[in-house]
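Here's a quick tour of a two-part model, written for someone who likes cut-offs spelled out. Have the viewer open while you read.

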Amino acid sequence: MLRQKPRISLTPRSKGSTRLNTRTRLVIAVSVAATYLLGVFIWGWFLDPSSYAVHFESQFIPPSWGHIFGTDFMGRDMFFRSLKGLSNSMLIGLLASLISSAIALAFGTASALFGGKVDKLVLLAVDCCMGLPHLVLVILISVALGGGATGVMLGVALTHWPELTRIVRAEVLQLREAWYVKASYKMGKSRLYVAAKHIVPHVIPVYIVGLVLLFPHAIMHEAAVTFLGFGLPAETPAIGVILSEAMRHIATGKWWLALFPGLLLIVAVLLFDTIGENLKRLLNPASAHE
Amino acid sequence: MLVLLLLVSVLAFMLIINAPIDPLVAYIGPESTLSTQAIAQVEEHWGLNQSPIARYFIWMGNVLQGDFGMSMSFKRPVINVIQERIMYSFVLMGLAWTLSGVLGFAMGIAAGLRRGGLFDRSVKTFCLIVQSSPAFWIGLLVLSLFAVHLGWFPLGMAVPMGVPAAEVTMFHRIQHLILPLMTLTIVSMGRITMFTRQKLSEVMDSDFITFARARGLTEGQIVRRHAWRSVALPALTLQFASFAELFGGMALAETVFSYPGIGAATTAAALNADVPLLLGIVLITAVFVFCGNLIANLLYGVVDPRLRDGGSSA
């Protein structure tokens, strides 16, 4: 096929730093991102509450060296408060995506393996779940469970499985036709045995990538629902709470209350995305063409 | 397909029925002086003592006759509240949907044509950041920059405060609409831009484009005469399929700008335990998303005729 510009160049690149091949660079990117996220999580987890305690004498200090994110209307240091908030959000996001992806793995595998009525039921549940905006459904579930951390966590967990379910189902449908799976059936193994021994191990990479990519969505929806007032209670440091407090003071020009906590959240979300996309390319050589 | 709509309504109804909201307390207030007899009467009147299934059928029967019940927090029929607010939301969503579609498509084409160029890289970075940031945060930044610091636009609401309804001009309305519209457009643009960019570079690698090049067409001619057609329909399909996200973004944008649309009403209804209004909104939302998905599904058939016969569950 004739192309104007060949995508693959055969001449070695002139820069000196190209010793590292793509794979190594991906691994490094994933490790750096993971280290940062883990660091934030652990730092926030063990943070001394006095570091974001109330100091009425230092209200609304704009960002400075003493308080790099500034302080809020109660004189709390926004950097440590945001850090703790992000850590809290990550914990909820982690639990929610674990539950959500477990549902997806079970539903997706069952749907593809058993077919027929089970398949129809799962697809109907998927469509049902996608029939409402995620935000509205999370609010509904959260209200039904009486709000709070459990409410928002389960709300996010119970709404984010459909996409991964579809991916897992498609993957299993392909695997089902594989020769070694057919051979296993012919040798008289049960469906459950084949599922556990042959199919699930092959779906695991897809599943892990799906889990990591689910994470940013979970955190963002948690923040959104909390922002609207259905999630974490107002006294817990959480990004959603911080931003909804910031909204009340933004009209008087306290821009730093909104900008920095949001940036911290975005960096975390972007890094999770980076990890997910890189893992996808590491685990699946076929998508490494770009 | 209609079964789905019914199922969604059952789901929503069951969730709300099981919520720890006492409809009586929500309606009368926590310090009620009503006697047990009066309470029993109200319960009888509202049908609260019946089984959830019976209550669902009563509600659904009324809804089918156009009666959504009374909103507890607005003290008006739900249908009136929704009618009044839906216009604001539809104008906002419709404009944002069109704008984000057109702008995103144009940016995607321009970026996809020169993969790896400066424009492409900046578009890609922009989209990544936009897709990773919460809609309400973008709203707060827009508000902070254009309304507070520059003072170009009002802080919120749909009409200026303290101005009689008769004196509200079109200019006022547009002025109040711009910031929420900007927020929602930015939020919705990321996905469509990235999709168009990806799709265009796939199309540009296909054989018929190579043939067009061989005939001596310039890149501009190729895009204008051939490539954009192959990208436009899938992009339009995606735009229809993203009604759910559009609604979510709209709800957040409306909350930030105190814009009196359906999104702000959703949160208000849920926070005030206004069950009839919440259910009414959920139903309207479900129909809205359903329409978007239906159009998208029909368009899939146009895009890929192979899907038309039988492969609907694929």
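One term first: a residue is called buried if its relative accessible area is under 20%, exposed if over 50%, and partly exposed in between, with a 1.4 Å probe and protein chains only.

Some housekeeping. This is a predicted model, where local features need pLDDT of at least 70 and side-chain atom pairs count only at pLDDT 80 or more, while totals for chains, interfaces and linings use all residues. Residues are numbered from 1 along each chain as its sequence is written, chains are lettered from A and ligands numbered from 1 in the order in which they are written, and side-chain values use heavy atoms, with hydrogens and water left out.

**Chain A overall**

Chain A has ten helices and zero strands, helices (H or I, at least four residues) and strands (E, at least two) being DSSP runs numbered from the N terminus. Its C-alpha atoms fill a box of roughly 75 × 60 × 35 Å along the principal axes. Of the 290 residues in chain A, 49% are buried. Take the contacts (heavy atoms within 4.5 Å) in chain A between residues at least 6 apart in sequence: 70% of them join residues at least 24 apart.

**The interface**

How is the size of an interface often given? As the accessible area lost when the parts come together. Here, buried area is what two parts lose in accessible area (1.4 Å probe) on being put together, summed over both. Between chain A and chain B that comes to about 4000 Å², with carbon and sulfur atoms giving 78% of the area. The side of chain A that touches chain B gets at least two residues from each of α3 (116–130), α4 (134–144), α8 (191–228), α9 (239–249) and α10 (256–283). α10(A) gives the most, with nine residues. By type, the residues on this side of chain A split into 35 nonpolar, six polar and six charged.

In all, 47 residues of chain A are in contact with 51 residues of chain B. As for salt bridges (a side-chain nitrogen of Lys or Arg within 4 Å of a carboxyl oxygen of Asp or Glu), the count between chain A and chain B is zero.

**Rings**

Rings of Phe, Tyr and Trp (its six-membered ring) pair if their centres lie within 6.5 Å; planes under 30 degrees apart count as stacked, over 60 as edge-to-face and the rest as tilted. The whole structure has 19 aromatic pairs over all chains. In one of them, A:F227 and B:F136 are stacked, 4.1 Å centre to centre with 15° between the planes. A:F227 sits in helix α8 of chain A and B:F136 in helix α7 (residues 135–149) of chain B, so this pair joins two chains. B:F136 is buried too, at 0% relative accessibility.

B:F243 and B:F288 are another stacked pair, with centres 4.7 Å apart and planes at 10°. The former is in helix α11 (residues 243–256) of chain B and the latter in helix α13 (residues 275–303) of chain B, so the pair ties together parts that are 45 residues apart in sequence. Both B:F243 and B:F288 are buried. They also belong to a cluster of ring pairs linking B:F90, B:W97, B:F240, B:F243, B:F247 and B:F288.

**Salt bridges**

Over all chains, the structure holds ten salt bridges, including these:

| Salt bridge | Closest N to O |
|---|---|
| A:K182 and A:E177 | 3.6 Å |
| B:D120 and B:R197 | 2.6 Å |

The last pair links distant parts of the chain, with B:D120 in helix α6 (residues 118–132) of chain B and B:R197 in helix α8 (residues 170–204) of chain B, 77 residues apart. B:D120 is buried at 3% relative accessibility, and B:R197 is buried at 5%. In chain A, a network of salt bridges links A:R176, A:E177 and A:K182. Here A:E177 is partly exposed at 45%, A:R176 is partly exposed at 28%, and A:K182 is partly exposed at 35%.

Most residues other than glycine have a negative phi. B:S258 is not a glycine, yet has a positive phi of about 45°. B:S258 lies in the loop between α11 and α12 (262–271) of chain B and is partly exposed at 40% relative accessibility.

Methods
Ala, Val, Leu, Ile, Met, Phe, Trp, Tyr, Cys and Pro count as nonpolar, Asp, Glu, Lys and Arg as charged, and the others, Gly among them, as polar.
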